[in-house]
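The sequence and structure come first.

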Amino acid sequence: MTATAHKGKLAQMRQRWSDMPKQVRWAGLAALVAFFYILPNRWFYEYLGFPIGSEYFAFYTTRSDFAAVLFDTAVFVLLAVGLNVVVGFTGLLDLGYFGFYAVGAYTVALLTSPASRLDLTWPWLAAVPVAIVVTMISGVILGTPTLRLRGDYLAIVTLGFAEMIRLYAARNDGLLQGQRGIPEVQHPPGPMVDGRPLFGVVDSKPYYWLILTVIIVIIFAMRNLERSRVGRAWVAIREDEDAAEIMGVPTFKYKLWAFAIGAAVGGLTGAIFAGKQTFINSDSFLLESSILVLAAVILGGAGGIKGAIIGGALTWYLPEWFRGFGQIIGLDFDTAEYRILIFGLIIIVMMIFRPQGLVPNRRRAAEFADRRKEAVPQETVPSE
Amino acid sequence: MNFAEFFGNFPALTITGLEQGAIYALVALGYTLVYGVLRLINFAHSEVFMVGTFTALWTWEALGYNQNTAAPAFGAMLVAVLVGLGAAMAASALTAVTVEVVAYRPLRKRNAPPLAFLITAIGASFVIAEAFGVGTHRAPFGMPVMIPSETLFTVFGAAVTNIQLLVLGVTLVMMAALDQFVNRSRLGRGIRAVAQDADTAALMGVNKNRVIMLVFVLGGLMAGVAALLWSVRYGYTKFNVGFLIGLKAFSAAVLGGIGNLRGALLGGLLLGIAENYAAGLFGGDWKDFTGFVLLVVLLMFRPTGLLGESLGRARA
């Protein structure tokens with residue numbers, strides 16, 4: 001094991017954590033989850049003694065509604081967890097992941113909004129499974145011709161797919177109503193104690209809690225999937241597709257599964273997003289977001305769920321937080337303008353110096369290290 | 001479907017298609033060359049093209065032309081266009097080589113998996129595009145009119161302009177020159193050798209890194225020519241102008257058989273024509289879909305393209 005050869009402080013801490021009794025670890029996890037649930041509440045910060053006003057920049061993002069930022073971050077985390085199945089577990093490059101997100105969101109919008117051209121007013125809850133199925137089918141349609149081929153074709157076809165979805169959505173006379181978009185998408189159901197609807201327009205907190213719950217469920221599912229026969233097949237495909245095929249793994253079938261499952265998570269995320277936003281148009285799904293999700297997975301460390309979560313949280317939350325923080329320290333810096341540029345640079349640098357990501361999956365890190373050791377010595381170029 | 005429009009404009013659609021296809025073909029050459037040698041989709045190539053268009057624009061502005069100046073006289077025009085061509089080719093080639101040296105070469109040294117290359121390529125593409133986007137405030141730029149369009153003759157009722165003739169002519173000349181270079185020259189033999197079997201070629205004394213560099217230079221030069229033709233023909237540019245062109249050029253390269261130089265020309269022209277026919281049949285909105293649909297259908301039925309994949313002839 002090359003990865004454990006040089007144990008850093010982080011690795012030591014991880015070791016100590018995994019040596020603790022199971023009860024302690026469960027309690028720790030539960031505390032962490034509880035912390036995420038109370039994070040958007042204002043009283044939490046007042047309780048901790050942060051001054052209320054524009055100055056409390058500990059977690060809070062001062063320039064935008066904190067609960068909304070948390071919701072967006074959670075959307076990103078869920079997308080990263082979904083994309084991680086494709087990029088991290090199976091090692092396929094899907095550049096059009098946002099396309100599936102858009103398909104999910106538009107499916108929900110078309111089915112639930114009275115203003116859509118289909119003119120159906122399904123409840124949100126009924127539309128979500130349909131959205132998931134539709135995205136899975138679109139993933140299979142896209143994957144069947146491309147997954148049989150070399151992996152790099154997949155990258156360009158998925159990139160084209162996302163762009164085509166956007167181009168189609170931008171058509172004003174099309175089903176998706178272009179820039180005018182589809183308004184009046186229905187909210188998730190559920191009354192509060194006093195009878196008002198739980199999921200309203202103003203308060204983002206219930207949506208954040210909803211998506212947080214979904215994330216937890218998906219993470220459990222993913223962890224089990226990762227350890228199952230399917231997960232082992234994915235890792236085998238990532239490490240060496242030909243060898244896996246020879247060993248009897250039906251690679252095409254499992255690649256298609258990975259693609260479909262990844263797409264389904266993307267569609268589910270889109271469905272939740274549409275339910276909160278109540279209005280989506282063609283500008284909601286820009287290509288650069290696809291790249292941001294990819295950056296999130298790479299940054300965190302492809303191949304591990306933890307890495308995807310941390311990467312997703314960092315790519316969305318950090319720029320938002322910095323917008324407020326920069327203002328406080330007197331630096332007016334529009335992070336949205338530079339976001340893609342910075343993350344693009346990070347991707348390039350990471351791929352060279354730390355391809356395993358910030359929170360590496362141990363197995364994936366070992367793969368990279370092994371490959372590096374196997375590197376054939378380059379012929380020397382006199383001019384260098 | 002609008003058959004009346006389609007058949008009525010059939011010759012005009014064909015000519016426009018050939019013209020646009022020629023530009024796709026020139027850009028496609030860059031994808032094909034790099035793919036043939038490195039087996040890598042160089043996503044950053046679309047940005048190499050974009051850099052070329054901006055260089056042409058800035059060169060002309062430096063020479064004192066802008067959107068409002070009248071088209072220059074023939075002699076001055078020739079000088080301006082040639083200087084612009086040189087600058088665009090140089091800038092594009094430089095961009096391509098920079099990406100190679102900064103992003104891809106360190107990965108090759110570390111024997112990184114193919115996925116890492118692809119991700120880096122995407123990152124490089126976005127860094128270049130966004131750097132220009134930030135620097136130019138994401139505004140579209142109009143270019144000075146260098147060659148005023150005039151109809152030279154008509155074919156079956158369709159007018160053929162001097163620009164269309166220029167675009168097609170230059171493309172064919174560049175294509176022939178590149179083809180001869182790769183097939184006849186000593187350096188070209190090196191490219192073919194590395195494409196066929198990099199390790200054996202290295203054992204035979206071919207300097208692999210130099211060949212790879214050369215491939216990026218050649219691709220960049222072709223993209224520079226395409227960028228100048230684009231500037232003369234369409235007269236505008238924007239930081240993301242490369243994206244759609246790149247996607248289509250890549251589709252063209254796959255259509256003709258990626259790794260195959262002649263295939264890139266054939267694929268480019270076919271794609272250009274198909275796009276314009278689709279626009280005539282279904283309406284202009286559907287034009288951009290054609291390349292993508294064609295790509296997916298082709299991958300389903302003939303993944304090696306029309307002419308097959310070969311830069312070094314026989315490949316396993």
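Over all chains, a search of the whole structure, which is a predicted model, finds 10 salt bridges. In one salt bridge, the side chains of R166(A) and E163(A) meet at 3.0 Å, N to O. R166(A) and E163(A) are 3 residues apart in helix α7 (residues 151-169) of chain A, so about one helical turn separates them.

The size of an interface is often given as the accessible area lost when the parts come together. Here chain B and chain A bury about 4,700 Å² between them, and 72% of this area is on carbon and sulfur atoms.

The loop between α7 and α8 (205-227) of chain A contains E184(A). In sequence, E184(A) is 75 residues from A109(A), while in space the C-alpha to C-alpha distance between E184(A) and A109(A) is 8.1 Å. Leaving out residues up to four places away in sequence, E184(A) touches T112(A), S113(A), P114(A), A115(A) and T278(A).

| Helix pair | Axis separation | Angle |
|---|---|---|
| α4(A) (residues 66-89) and α11(A) (residues 251-277) | within 7 Å | roughly 165° |
| α2(B) (residues 10-38) and α6(B) (residues 162-184) | within 9 Å | roughly 30° |
| α10(B) (residues 241-256) and α12(B) (residues 287-301) | 9 Å | about 35° |

In chain A, the axes of α4(A) and α11(A) cross at roughly 165°, and the two helices are therefore roughly antiparallel to each other. The crossing in which α4(A) passes α11(A) is left-handed. On the α4(A) side, the contact is made by F71(A), V75(A), L78(A), L79(A), G82(A), V85(A) and V86(A). On the α11(A) side, A258(A), F259(A), G262(A), V265(A), G266(A), T269(A), I272(A), F273(A) and K276(A) take part. By class, this contact of α4(A) with α11(A) has 11 nonpolar, 4 polar and 1 charged residues.

In chain B, the axes of α2(B) and α6(B) cross at roughly 30°, which makes α2(B) roughly parallel to α6(B). A left-handed crossing takes α2(B) past α6(B). From α2(B), the residues I15(B), T16(B), L18(B), E19(B), A22(B), I23(B), L26(B), L29(B) and L33(B) are in the contact. Their partners in α6(B) are I163(B), Q164(B), V167(B), L168(B), T171(B), M174(B), M175(B) and L178(B). The contact of α2(B) with α6(B) has 13 nonpolar, 3 polar and 1 charged residues.

Also in chain B, α10(B) and α12(B) pack at an angle of about 35°, and α10(B) passes α12(B) in a crossing that is left-handed. The α10(B) residues L244(B), K248(B), S251(B), V254(B) and L255(B) meet D288(B), G291(B), L294(B), L295(B), L298(B) and L299(B) of α12(B). By class, the contact of α10(B) with α12(B) comprises 7 nonpolar, 2 polar and 2 charged residues.

Methods: Residues are numbered from 1 along each chain as its sequence is written. Chains are lettered from A and ligands numbered from 1 in the order in which they are written. This is a predicted model: local features need pLDDT of at least 70, side-chain atom pairs count only at pLDDT 80 or more; totals for chains, interfaces and linings use all residues. Side-chain values use heavy atoms; hydrogens and water are left out. Axes are lines fitted to C-alpha atoms, for helices over the stretch in contact, and angles run from 0 to 180 degrees between N-to-C directions. Helices (H or I, at least four residues) and strands (E, at least two) are DSSP runs, numbered from the N terminus. Angles under 35 degrees count as roughly parallel, over 145 as roughly antiparallel, 65 to 115 as roughly perpendicular and the rest as oblique. A crossing is left-handed if the near helix is turned anticlockwise from the far one by less than a right angle, and right-handed if clockwise. Contact means heavy atoms within 4.5 Å. Ala, Val, Leu, Ile, Met, Phe, Trp, Tyr, Cys and Pro count as nonpolar, Asp, Glu, Lys and Arg as charged, and the others, Gly among them, as polar. Buried area is the accessible area (1.4 Å probe) that two parts lose on being put together, summed over both. A salt bridge is a side-chain nitrogen of Lys or Arg within 4 Å of a carboxyl oxygen of Asp or Glu.
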